Amino acid sequence: MFDVRIFHPNADSYKNRDIKSVYTQHEKIKKKEYEQRVIQVEKCSFTPLVYSTSGGMAPQAQAFHKRVAELVAEKTNEEYRDVISTMRTKLSFALLKSVLISVRGSRGKSSRDRELPICDIS
């Protein structure tokens, strides 16, 4: 089972910290929150996938991506380097999209922008 966390490495709370320690901290927090329950209730393993908005990833997320890329390359008879490159590109665009949506908001119509039907109340 996986759980994803995305954080902004340039936030004030991380300003004086090494980026590796921040990744480790987020992995530990996720494991503390979910690992025991997943193992006991779900009877499976748990891997926290921690990413930064700048495109970096924690060690367990790197291992996950590496293993998935190996399996996909083997199954599709593609080169590992092509598969991992495609995965990283798609991840980068997904992270960028999530950052833009959180900063700017969604482009979809909000409920206040929708036109309400006109009713004759006379």
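Okay, let's start with the surface: the protein chain exposes about 9,500 Å², and 53% of that is supplied by carbon and sulfur atoms. Those areas come from the Shrake-Rupley method with a 1.4 Å probe, and for residues only the protein chains shown count as cover.

Before we go on, some housekeeping. This is a predicted model, where local features need pLDDT of at least 70 and side-chain atom pairs count only at pLDDT 80 or more, while totals for chains, interfaces and linings use all residues. Residues are numbered from 1 along each chain as its sequence is written, and side-chain values use heavy atoms, with hydrogens and water left out.

So what is the chain built from? Helices (H or I, at least four residues) and strands (E, at least two) are DSSP runs, numbered from the N terminus.

How much of the chain is buried? Of the 122 residues, 23% are. Buried means under 20% relative accessible area, exposed means over 50%, and partly exposed is in between, with a 1.4 Å probe and protein chains only. As for contacts (heavy atoms within 4.5 Å), take those with a separation of 6 or more: 54% of them join residues 24 or more positions apart.

Now the strands. E1, residues 2-7, pairs with E2, residues 47-52, in the parallel sense over six bridges. Two strands count as paired if DSSP finds at least two bridges between them. To get from E1 to E2 the chain passes through helix H1, residues 19-42, and this β-α-β crossover is right-handed. That means that, with the strands pointing away from the viewer, the path from the first strand over the helix to the second runs clockwise. If you want to find the pairing on screen, Phe2 stands opposite Thr47 in E2, and Arg5 has Val50 as its bridge partner.

Next, helix H2, residues 59-76. It has 18 residues and reaches 26 Å from first C-alpha to last, close to the 26 Å expected at 1.5 Å a residue; the expected span is 1.5 Å times one less than the number of residues. Which residues of H2 are buried? Ala61, His65, Ala69 and Ala73. They cover an arc of only 100 degrees around the axis, so they lie on the same side of H2. That arc is taken from the directions from the helix axis to the C-beta atoms. The buried residues of H2 pack against H1, E2 and H3, while Glu74 and Lys75 are exposed on the face turned away from the buried side.

Most residues other than glycine have a negative phi. Lys43, though, has a positive phi of about 60 degrees, and it is found in the loop between H1 and E2. Just after H2, Asn77 takes a positive phi of about 55 degrees.
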